[in-house]
Amino acid sequence: MRAVRFHRHGDPVAVLSVDDVPVPSPGPDDLLVRMTTRPINPSDLMYVRGEYGREATLPSPVGFEGVGVVERADRAGTYHEGARVAVAATGTWQDYVSAAPGELIPVPDTVPDEVACRLTVNPFAARLLVDQLDVPPGEWLLLSAGASAVCRMILTYAAKRRIRCLHLVRRPEQVTPLRLLGADEVIDVSAGPWVDRVLAVTSGGAAAAIDSVGGQVGGDLLDCLRPGGLLIVFGALSGEPIPLPSRRVIFSSLTVRGFWLPERLAALERHDRARLTEEVVADVADGRPGMDVADRYTLSQIRAAVRHSARTGGAGKVLLTDDSHPE
């Protein structure tokens, strides 16, 4: 079968290859899934660069989520052959994956593959990020990389709690779509210094911020928080460390907290995780923003796909499918 792998860490465009490897032979408690569609997420590329929280054994397969069809059921018969399942396992960027039942979620017939392939990461992250915020109704939440898929999902969950969202974006064309989606305020940071603008909109500071960028953007978000505010570090798109203004953190009693989805899911009790999964699947089936598609590529076009994913600007995910893609 085809498997996208890397034999050393580095720039994904340079180190990813499509290798011919044997189809996995799952144990009696695992299932063999034929993959059909997978997204390219920032975490996938961090893993290739050696910047992710999970160590790779080289040569390593790539991809943390996707959707497929059960080809061979487990001994317990948890899923029947032919069942469509969302997969949360390492190595989804290949033709077949061996997965444990706990790494699979049944996909409703009403949810197409291009949506189901993104079921296990961003929707869960958006829901859990909002769940851990202690933001009273009417207070402000700041979102860097505000046009990203996860930030658009966060917006819908925050709106249910009447939390006001201020999205920071990098391009003027990203402003109007977010306003139409219901964002309370959108600021284009490419237009110039933005901290004072945020402070003016929020009347002196937001209650919380979720940062997906890192670097100076993360540091500036700290300056946008009111005393007692919370910064959740969710991503590191810039690849740069956040400068931590010690005096600001101390004298304004700010809290900086990391968020890593696998850790948060692992900490849940089984019944809580089951309930969360049921609710998230229902939300996705009902339709949620953040599921746009930028383009589709085959596994053999992985380098072109990765290049494209770097320039989408929140306009949708690049997907790896079995469909042909015009050159």
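This structure holds one cavity of 30 Å³ or more. A cavity here is a set of points on a 1 Å grid over the protein atoms alone where a 1.4 Å probe fits but cannot get out. The model is a predicted one: local features need pLDDT of at least 70, side-chain atom pairs count only at pLDDT 80 or more, and totals for chains, interfaces and linings use all residues. Residues are numbered from 1 along each chain as its sequence is written, and side-chain values use heavy atoms, with hydrogens and water left out.

**The cavity**

- The largest cavity contains about 30 Å³ of space, where a volume is the space filled by probe spheres set on the grid points, which are joined across faces, edges and corners.
- Its lining is made by Pro123, Met153, Tyr157, Asp283, Val284 and Arg288; a lining residue has an atom within 4 Å of a point.
- Helix H5 (149-160) and helix H11 (270-286) are the elements that give two or more residues to this lining. Helices (H or I, at least four residues) and strands (E, at least two) are DSSP runs, numbered from the N terminus.
- Sorted by class, the lining has four nonpolar, no polar and two charged residues. Ala, Val, Leu, Ile, Met, Phe, Trp, Tyr, Cys and Pro count as nonpolar, Asp, Glu, Lys and Arg as charged, and the others, Gly among them, as polar.

**The six-stranded sheet**

- Follow the order S11-S10-S9-S12-S13-S14 and you have an open sheet of six strands with parallel pairing. Two strands pair if DSSP finds at least two bridges between them.
- Strand S11 (185-188) and strand S14 (255-258) are at the edges with a single partner strand each, so one side of each has no neighbour in the sheet.
- From one strand to the next, the twist averages 20°. Angles run from 0 to 180 degrees between N-to-C directions, and axes are lines fitted to C-alpha atoms, for helices over the stretch in contact.
- Four bridges link strand S10 (residues 164-169) to S11 in the parallel sense, and Val169 stands opposite Asp188 in S11.
- H5 packs on this sheet, touching strand S9 (140-143), S10 and strand S12 (206-211), and its direction makes about 170° with that of S10. Contact means heavy atoms within 4.5 Å.

**The three-stranded sheet**

- A second open sheet to look for has three strands in the order S2-S1-S4, with antiparallel pairing.
- Strand S2 (16-20) and strand S4 (60-61) are its edge strands, each pairing on one side only.
- Strand S1 (residues 2-6) and S4 run antiparallel, joined by two bridges, and Phe6 stands opposite Ser60 in S4.

**Buried residues**

- In helix H2 (residues 42-49), Ser43, Asp44, Leu45, Tyr47 and Val48 are buried. Buried means under 20% relative accessible area, exposed over 50%, and partly exposed in between (1.4 Å probe, protein chains only).
- The cover over these H2 residues includes S1, S2, S4, helix H1 (12-15), strand S3 (31-39) and helix H12 (302-309).
- Just after H2, Gly50 has a positive phi of about 85°.
- Val107 sits in the loop between strand S8 (104-106) and helix H3 (113-116), and Val107 is buried at a relative accessible area of 9%. Leaving aside neighbours within four places in sequence, Val107 is in contact with Val67, Arg84, Val85, Ala86 and Ala116.
- Thr37, in strand S3, is buried with a relative accessible area of 4%. Not counting residues up to four places away in sequence, Thr37 touches several residues, among them Gly66, Asp113 and Leu319.

Key
1 Å grid on protein atoms, 1.4 Å probe; cavity = no way out; pocket = protein on both sides within 12 Å on 5 of 7 lines; lining within 4 Å.
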